[in-house]
Amino acid sequence: MALSRGLRCCQRVFSWIPVLIITCVVLWSYYAYVFELCLFTLTNTLEKVAYLLIFHVCFVMFSWTYWKSIFTPPASPCKKFQLSYSDKQRYEMEERPDAQKQILVEIAKKLPIFSRAQSGAIRFCDRCQVLKPDRCHHCSVCETCVLKMDHHCPWVNNCVGFSNYKFFLLFLSYSMLYCVFIAATVFQYFLKFWVVNLPNGPAKFHVLFLMFVALMFFVSLMFLFGYHCWLVAKNRSTLEAFSAPVFVNGPDRSGFNVGTRRNLQQVFGEDRRLWFVIRTWGLWRGRDNVHGSLTSFGFLLYTGHVSQGNGHYFPLKNRTSESHNPLLANEDMWEESDDGSEEGSLGESPFRFDDSYLYITTFFVVH
């Protein structure tokens, strides 16, 4: 036990190395551009101010989206997808695989689950003890099931999924913008240093490396960003692109494709003007969802339309399967708790997603 804990601890430490590398490169690029190029090399004041202003806008947007991609926790299935105590007892006591599958089928009838395992059975995670919602997969690195999991990215040391896919795409886009701006503004001084029109010094080597590093990262990011744009347009995750999701009628790689416009809205929100907006801060007072009374204070984070829905249910291209599920005739039926308690709606967590706001309850309860 002690050995396995030590290995896991070492794994967690080493998993931050790629993030540390990116952070060091970005900090060096900031020093090289701001100090060595703008402050020590440029002589035109207007050009210097313009470069610094635009650079800092790109730098802030890049840094903020990178931070969000790293530190936004992966969304996991809510309690509705966990086995109840009695169901868990039945499932564990049953030794016949066919009978276990039948138990899972009976439980899944109460939930909006349409995808299946390759064998045709209900997808069930033995480690997390949950029925997997559509597009949910278990991450062996994060050791949890992740809603709409795309992949585990070592460069952000986090799972890219429902809760942070928009931030990841914005990170890629602002990274490209950051590299393009650096390469475009450094290019003329790169040529001047190369033909010895400017004196030799530390700035020369910083500018030369800035040019090469910016172009190198831009090319790699361009292919990655283009691939993810194609995935978004087709409404596929990276996992689904390699292994088609299986439904009752068989595998269908385009099973969740509901049209390019709706596919984009699922990730970025309905208002196109807010697709590239990150967030602002504000104070809010929340109300109890059950009683309608004032219950808590917290922060209101305006995110500019985060991903639609709660990550547990996604519209299908072929709606025939949905029409056979009476739960989807009234979506609130499977969002309410069975016993009418204050357990809350499906997907309840400290993070509640809707079209334009992300609420985080952080302070105290007032009754």
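What share of the contacts in the protein with a separation of 6 or more is accounted for by residues 24 or more positions apart? The share is 63%. The model described in this report is predicted.

## Overall composition

The protein contains 10 helices and 12 strands. It has 367 residues, and 47% of them are buried. Its accessible surface comes to about 20100 Å². Carbon and sulfur atoms account for 63% of that surface.

## The largest nonpolar core

The largest nonpolar core has 50 residues. Within this core, the residues that touch the most other members are Tyr 33, Phe 55, Tyr 165, Ile 182 and Val 186. At least two residues of the core are supplied by each of the helices α2 (17-39), α3 (45-71), α6 (165-194), α7 (202-234) and α9 (260-268). The largest share belongs to α6, which supplies 17 residues.

Val 186 illustrates how such a residue is surrounded. When residues up to four places away in sequence are not counted, Val 186 touches Tyr 33 and Leu 37, and also Val 207, Leu 210 and Met 211.

## The second largest pocket

The second largest pocket holds about 450 Å³ of space. It is lined by 25 residues, of which Ile 22, Phe 171, Ser 175, Phe 217 and Leu 221 are the closest to its centre. Two or more lining residues are given by each of α2, β5 (151-153), α6 and α7.

Helix α7 provides the largest share of this lining, namely eight residues. Sorted by class, the lining consists of 20 nonpolar residues and five polar residues, with no charged residues.

## Helix α9

Which residues of α9 are buried? They are Asn 263, Gln 265, Gln 266, Val 267 and Phe 268. These buried residues pack against two other helices, α6 and α7. After α9 comes Gly 269, which has a positive phi near 100 degrees.

## Leu 39 in helix α2

Leu 39 lies in helix α2.

Leaving aside neighbours within four places in sequence, the listed contacts of Leu 39 are Val 34, Lys 48 and Leu 52. Leu 39 and Val 49 are separated by 10 residues in sequence, and their C-alpha atoms are 9.8 Å apart in space.

## Two loop residues with positive phi

Glu 143 is a residue other than glycine with a positive phi, near 60 degrees. Glu 143 is found in the loop between β3 (137-139) and β4 (144-146). Is Glu 143 buried or partly exposed? Glu 143 is partly exposed, because its relative accessible area is 48%.

Lys 148 is also a residue other than glycine with a positive phi, in this case near 45 degrees. Its place is in the loop between β4 and β5. Lys 148 has a relative accessible area of 10%. The limit for a buried residue is under 20%, so Lys 148 is buried.

Terms used
Residues are numbered from 1 along each chain as its sequence is written. This is a predicted model: local features need pLDDT of at least 70, side-chain atom pairs count only at pLDDT 80 or more; totals for chains, interfaces and linings use all residues. Side-chain values use heavy atoms; hydrogens and water are left out. A nonpolar core is a set of buried Ala, Val, Leu, Ile, Met, Phe, Trp, Tyr and Cys residues joined through side-chain atoms within 4.5 Å. Buried means under 20% relative accessible area, exposed over 50%, partly exposed in between (1.4 Å probe, protein chains only). Helices (H or I, at least four residues) and strands (E, at least two) are DSSP runs, numbered from the N terminus. Contact means heavy atoms within 4.5 Å. On a 1 Å grid over the protein atoms alone, a cavity is a set of points where a 1.4 Å probe fits but cannot get out, and a pocket is an open set with protein on both sides within 12 Å along at least five of seven lines; lining residues have an atom within 4 Å of a point. Grid points are joined across faces, edges and corners, and a volume is the space filled by probe spheres set on the points. Ala, Val, Leu, Ile, Met, Phe, Trp, Tyr, Cys and Pro count as nonpolar, Asp, Glu, Lys and Arg as charged, and the others, Gly among them, as polar. Accessible areas come from the Shrake-Rupley method with a 1.4 Å probe; for residues, only the protein chains shown count as cover.
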